[in-house]
2 protein chains.
Amino acid sequence: MGLSSVKRPKQQTKALLRRVVGAYAAREPRLGPERWGLEVRGNELLLEGNSLHRLEQEYGSPLQVVAAQKLRSNARTFLTPPEAGSSACEVYYSYKTNPVPGVLRFLHEMGVGAEVISHYEFWLARKLGVAPERIVYNGPAKSDESIREAVRLGIQTLNLNHQEEIARVARIAQEEQKKLRVGVRISVGQGWEAQFGSPIARGQALAAFREAVQAPWLDVVGLHAHRGGMILSEAELTAFVDAVLDFVATLRSELGLSPQVLNFGGSLGTPTVKPLSPLDQRLNRTLHRDLSAPDPDAALSIERYVALLSKLVRARYATFGAPLPRIFLEPGRSLTGNAQLLLTSVLSIKRSDGDAYAIMDAGINHAESVRSEYHQVLAANHWGEPADQTYTVVGPICSPGDTLYRAVRLPRLEPGDTLAIMDSGAYFVPFSTSFSFPRPAIVMTDGGDVSSLRRRETFDDIVCCDQLRAEGS
Amino acid sequence: MGLSSVKRPKQQTKALLRRVVGAYAAREPRLGPERWGLEVRGNELLLEGNSLHRLEQEYGSPLQVVAAQKLRSNARTFLTPPEAGSSACEVYYSYKTNPVPGVLRFLHEMGVGAEVISHYEFWLARKLGVAPERIVYNGPAKSDESIREAVRLGIQTLNLNHQEEIARVARIAQEEQKKLRVGVRISVGQGWEAQFGSPIARGQALAAFREAVQAPWLDVVGLHAHRGGMILSEAELTAFVDAVLDFVATLRSELGLSPQVLNFGGSLGTPTVKPLSPLDQRLNRTLHRDLSAPDPDAALSIERYVALLSKLVRARYATFGAPLPRIFLEPGRSLTGNAQLLLTSVLSIKRSDGDAYAIMDAGINHAESVRSEYHQVLAANHWGEPADQTYTVVGPICSPGDTLYRAVRLPRLEPGDTLAIMDSGAYFVPFSTSFSFPRPAIVMTDGGDVSSLRRRETFDDIVCCDQLRAEGS
């Protein structure tokens, strides 16, 4: 055809290595559907008895599906007293992780409170009927207006993120002539620091407590420490909790202060999710080596997390000879992450030069987290067929950045087929955009029942804030 | 206070190096406000006579501001014939870059058409009154329904992204018994490939043309080649255009086909924006060295881009001895990027251990591009004051990823102060999310006139697709 058909040597080497890697690679995903309680019927995957492929056809694609049974069991585990006779931890769900009203209501009905980080989330909690004493307000970006509302309503606790907030919150409480229950957020030198919390290093956290205690309109009831990142092991949890408890000892000895509430934040990981390493991503991109899956059996479970955390607190308080504090937890991804999945349809297959691209109707516009975390993908209506095709799975927005999987082995796909991207219950929804395509509907399965939590965004919704009339300018 | 006050050696070294770097650093931003035609009155920056700080106070913060005069001049430059007696290029604005109806309408009124990549964008163009013959439909993710609509309406051109699309589009045109004007998208081995276009390598693009030409219901009028990335120099543009024209020569000799339309896509950069290099980012993060600004005077201007591109086409067609084709351009960032800026307020300053964090009411939720591109930030109400403070500028969402600038020198800031993040007219709006905070309002300044293009998202808007009633489940 007048054009060279000789591949460049680098490409040839890459192609050869990819074949070698392919020959040794696992043919089955490391994390099979049983990990999420999915059943198999023929070549279809079922969630609580519902065919995923049919759900997508019925409710439209892409589609977020919440698994009520998993959500219920996660919440129950968090809310159960870690041992007979002990108090349960108090659980405040991190709204920002998955701010779907239907999911939030479900959790609230089970006894979970609201952890909010903005005026909007605060408003939403109230709109959902959450009592003020079941709302914890965190974060570095509280507006004066929202602080005033927290004072007026008398919320459970407002955690002072950093030193500058103390005088501001105290002033507003004074203006309202109403005491506010506050905590002081500290950072212990593990996980997040930067804009979050007063560091214990060089006495900064202690100074923040001292200032807060002296403010007459602040009732300092709590200590708040959210580690950030993902806590995946007992060792990481122990190191974090011990550092917090060391600081409690400092508070007791230096200020004679023993907080009524110890709030350990969230950060417990989802067993089937882990951050992708740059090396892993590179080997996947260049040699098509499978991304390495997390080992869910080695991960810290909710049950073990709650038990170990409680045990560490009880043991330390025994040495203090002090009554036990209330323990607050603010789980996000560990509570909802694996109770949700994203269904997306194959729009088209592009084959070119030995490479195959599966062009999906959802990409980073609805599944941003897949760029940096391991999320198992399952062929929802081709289960059990040999996974002998390597696809680059891309989304619909016109950008090369819209790539979900550089190279993933799947059965042969055709337009209309359904992929299930697992563990979509953390950070998929809040990071979703209306980039050229509307945001998906959300349904909940509860055994045989399927209910709509959120309808798909319409074209009109996307421009609901705009002046569309031709006469305006 | 019972805690060590000794810094670790690594921290000490870093602190020392940061001081050295700071002493040698420029005290003025490399790109001053005059680059965008901003004026200075006292210590305030003015856009078309309007104080940015006051605009933000009046219309709420954060706020997107469109500069009509700049937008008009960019559009005029694109639409002006490159030399006396020559035809102007036909311009189709890339909707996905900045899908703000008020901006789109402004461009359409000047004679710019619509380049759309989804059913939603297609719908929006029609809603804005764009005639079908002024709509070009691109991208790898066209739904059957939207293709059918394109056939029925008779749009300007639908560009076939990849081989699989040819038969599908041909089938739909046949079903409708109506011929469709199509182009074939090619990739020339520069810039984007992957899911985009049929590669010229190994005859794939030629095979796609051959197949399309044989389809009775497709009228193959165009060749489409969108390079992707940023074209920043004459050399890059020349290499790209030459490669496309080489392929036109192949089409002529192999198929006897001379496309009526050559569509060169977009990708021209904005002179004041460039991709950040990993080294630059690293030195900024660790040593607080200023990010290196682009040199706008070295950048390829719109005028020069259009002139050079037209000249290359004319020269090549002279060698063909063929009449000139229509030239289509699909600019995105070069047309709107520098005609818009984002205003954001300081909510709080956190000082800790010598570091200062400016906590803003906008972060990556509204300015995602700042993570990977150089965007000048200007202190809108402290202009001319010594930029002797180093801030880490962070957004409001509770994530360490919500960092706009790791280290940037600015005048001393206080809550309520305004920062202007420049060149927000490309990819800020489509990548914006409702992550814990509503999306901002958009206004347009046109000389003394300020008009609202989009109101701020309300809390109710964010949950407009949800069932909020307590009785539902």
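In this predicted model, the two domains of chain A meet through 25 residues of domain 1 and 23 residues of domain 2. On the domain 1 side, strand S20 (residues 441–446) of chain A gives the largest share, four residues. By class, that side of domain 1 of chain A splits into 12 nonpolar, eight polar and five charged residues.

Where do the bounds run? Domain 1 of chain A covers 26–66 + 338–453, and domain 2 of chain A covers 68–279 + 295–337. Their C-alpha centres sit 33 Å apart.

Then there's the contact between the chains. Chain A puts in 74 residues, and chain B puts in 74 residues. On the chain A side, 37 of them are nonpolar, 22 polar and 15 charged.

Now for a bit of sheet. In chain A, three strands line up as S1-S2-S3 in an open sheet with antiparallel pairing. Why is one side of S1 and of S3 in chain A left without a neighbour in the sheet? Strand S1 (39–41) and strand S3 (50–51) of chain A are at the edges with a single partner strand each, so one side of each has no neighbour there. Strand S2 (residues 44–47) of chain A pairs with S3(A) over two bridges, in the antiparallel sense. Looking at individual residues, Leu47(A) has Asn50(A) in S3(A) as its bridge partner.

How values were computed. Residues numbered from 1 in each chain as written. Chains lettered and ligands numbered in written order. Predicted model: local features only at pLDDT ≥ 70, side-chain atom pairs only at ≥ 80, totals over all residues. Contact = placed C-beta atoms within 7 Å. Nonpolar A, V, L, I, M, F, W, Y, C, P; charged D, E, K, R; others polar. Pairing = 2+ DSSP bridges. Domains from an automatic or database assignment.
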